[in-house]
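Please open the structure in your viewer and keep the selection tool at hand. This tour goes from stop to stop, saying what to select next and what can be found there.

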Amino acid sequence: MKEFMVSKEEHLRNDVDFIKKSIMEHLHFTLAKDKYSATKRDLFHAVAYTVRDQLVGRWIHSQQQYYDADVKRVYYLSMEFLIGRTLQSSLINLNLLDNCRKAVHDLGFELDALIEMESDAGLGNGGLGRLAACFLDSMATLGIPGYGYGIRYDYGIFTQKVKEGYQTETPDNWLRYGNPWEITRSEYLYPVCFYGRVVQKTGGSGKIRSEWIDFQEVMAMACDTPVPGYMNDTVNTLRLWQAKSPRGFDLSYFNHGDYIRAVEDIAISENISKVLYPNDNIFEGKELRLKQEYFLVSATIQDILRRYNKGHIHLDALPDKVAIQLNDTHPALAISELMRLLIDREELSWDKAWELTQATFAYTNHTLLPEALERWSIPLVEKVLPRNLQIILEINQRWLDHIDQRYPGDVERRRALSIIEEGDPKRINMAHLAIVGSHKVNGVSALHSELLKHQVFRYFWETEPEKFTNMTNGITPRRWLKQCNPTLSHLISSHIGEKWVTDLKQLEKLSALEEDSSFCDKWRSIKRENKVRLSHLILSEEGIKVDPDTLFTCQVKRLHEYKRQLLNILRVIHAYLSIKDNPGGDWVPRTVIFSGKAAPGYFLAKRIIKLINSVASVVNHDKQTSEFLKVVFLENYRVTLAEKIIPAADLSEQISLAGTEASGTGNMKFALNGALTIGTLDGANIEIQEEVGAENIFIFGLKAEEVNQLKNSGYNPWEWYNKSEPIRRVLDSIRSGYFSGGDKELFEPILHSLLDGGDPYLLLADFESYDACEKQVDAVYKDPKNWVRKSIQNVAHMAKFSSDRTIRDYAEEIWKLD
């Protein structure tokens, strides 16, 4: 095979002439175009294929190194990977950006315009999927043998359009023009079984074994995307599974003219990887979702065992060579699936299979909301996955036998620790399965991990305290500073060097520059340039003219009640009414920017979007106030839009109710780009405050323990309404139809939630504290030098929030890598 290998020198060549030659060859030979027929999209694909060529040699070399060294590999299982665009990030990590820009320019095009041609790979709903993408980048950059496993959804997170203030959804056909980054691996095709029944059979040795029969089969085909590390020649793999029918046309139907029936089986089989489920943080036990989760884990576990068995005769070393990380409960069925394969196919004893399984898996929890935890009904699992149900029931019985021995007669503890929840129907608590089947369980911020131990999973922690740990989330500085904010990155590098890109501790050197007037002036100028660019985007996309010299305050994230976008817009209404009362006051002009998608079935979140847009319509057209206040809702929030908003933000709104946000990573992205944070002591906000200093962040509101005390004492939002004139005035203005063209019913569901509905996220209790804190923000913003100093200090103290640090911690404490 040597004659087929490309020399290392050839696949590492990246000079301008070579890049131009490669682009033209792909245009001609891959896309069958010449200079007369080629479109801008053709050139984008030619550039992408050229960059992929640069990745492939490194990719093959990296994988071969892993085999040769027989390394322990990390498998990151996630139902979501919010990748965004790949071209620019690959160019940065390969150190090809400048040469590629020059080559494309020489061919008569601009690279930035080609980058804009790429569709976002929106294979996730929000933070969970974006975190997974950051982790893959860090694993590759650290040289960790890591693999991401997910599903290749034909349609990603929906495209959001706002029409007359209402969110509407259209399919995200991100594959419309093809995906130049993926390579289909048709040789890796695995059967995934559904339905059927289980029978007991006696083997030749007289041992009784279970056999799953009469099942329906779907094939999982691997589609691989290279994941390059930063300037280290390491390229890891993101493997996404595509559902395929195990057979083609049913010719008996086809020959009789029933064309629909002929392709029906194919369509039903391939539906599994058709569309990403929108996440509204409310679990709904739908059959297709269950099949998606099992499809992912079954194909993945088969693939992991295939790779392991290539180099090992016995399974005893599985935990020494394989670490599987479950990104939330969605892939928790991997535990029962590995048990099934070890027992039914590999014929291991139960005890040996369980020992290997527990030592191989680790589980990351991402939510504190009880309604978001997955609980599959037993009748549904019995119908779809009969063998897996048997194994889960056996796991639970053995676990409860252990609990009975340790805590005899403790019925309450036994109930709380059971994987099976009583009820009609009985349900499988997937978080409990993940905890019992893993050797480590982690939260994603210090507060979150403590709440898991002392509230959500208290009995589990008391039973196995050594199993629980914390891994505070992080973000990749390659995408979230170097790529999205190139001018600030250049300024930083010109003063402290380039090492910060892989070692954020280097940013601490910026602290010494806070008194350097020239540096501070450049810092302020870069922020304004970013704001000007965002202002142009807002004008072109939303038709709203905003002043880049106003304070840009941004809340951009998935729409959910606990994230409290509603609190933000209520405060905007209060500011608007106050300005109208005193238009000659000393107001700090603000542009309030929202962006985020609500799950299609989440009525109240969608009505909050309508309220935001209705308030924007009134405020932006009021000549008395528009000089001081503008409100913008940027539609179709996605990774690419975040990369444009975050560098322009002055103030980052992280205002979830304390004790509800597991971590948050938007807070980290904004702070890394020099925005100051206003927030509650929730999630990673607490650790950001510890790192940047209390004087460089704006904190308000109830603490998590105070939230519990207030709720337990009988919180009544009407009391806050009656005693607070600002709250009363804001809610009454909404009720009057002021922001809805006189329609008094339009926002009644929101008002009902806040008052008669009990205000579950305590917006009214935190309102006046929030308002007072925003006034503190205004006071600091009036002193530009002080604001810039605080901005610099935020960036200088972000080292803890690099995903490189997070992954190192996983590697050392959980995965036990050399």
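Begin by selecting Trp815, which, leaving aside its neighbours within four places in sequence, is in contact (heavy atoms within 4.5 Å) with Lys72, Val74, Met139, Ala323, Gln325, Ile807 and Tyr810. Before going further, note that this is a predicted model, in which local features need pLDDT of at least 70 and side-chain atom pairs count only at pLDDT 80 or more, while totals for chains, interfaces and linings use all residues. Residues are numbered from 1 along each chain as its sequence is written, and side-chain values use heavy atoms, with hydrogens and water left out.

Helices (H or I, at least four residues) and strands (E, at least two) are DSSP runs, numbered from the N terminus.

Next, select strand β1 (residues 73-77), where five of the five residues are buried, so the strand is largely enclosed by the rest of the structure. Arg73, Tyr75 and Leu77 point one way from β1, whereas Val74 and Tyr76 point the other way. Two strands pair if DSSP finds at least two bridges between them, and β1 pairs in the parallel sense with β12 (residues 322-327) over five bridges and with β4 (residues 146-151) over four bridges. To see these pairings, look for Tyr75 opposite Ile324 in β12, and for Leu77 with its bridge partner Tyr149 in β4.

Four bridges join β12 to β13 in parallel, with Asn327 standing opposite Thr364. Three bridges join β13 to β17 (residues 440-443), also in parallel, and here Tyr363 stands opposite Val441.

For another sheet, select the six strands in the order β21-β20-β19-β22-β23-β24, which form an open sheet with parallel pairing. Strands β21 (629-633) and β24 (698-699) stand at the edges, each with a single partner strand, so one side of each is left without a neighbour in the sheet. Five bridges join β20 (residues 590-595) to β21, and one place to look is Val592, whose bridge partner in β21 is Val631.

Finally, which residues lie nearest the centre of the second largest pocket? They are Gln88, Lys482, Gln483, Cys484 and Pro486, among the 33 residues that line this pocket, which has a volume of about 1000 Å³. On a 1 Å grid over the protein atoms alone, a pocket is an open set of points where a 1.4 Å probe fits, with protein on both sides within 12 Å along at least five of seven lines, and lining residues have an atom within 4 Å of a point. The volume is the space filled by probe spheres set on the points, which are joined across faces, edges and corners. Select α21 (486-496) to end the tour, as this helix gives the most to the lining, with five residues.

Conventions
Buried means under 20% relative accessible area, exposed over 50%, partly exposed in between (1.4 Å probe, protein chains only).
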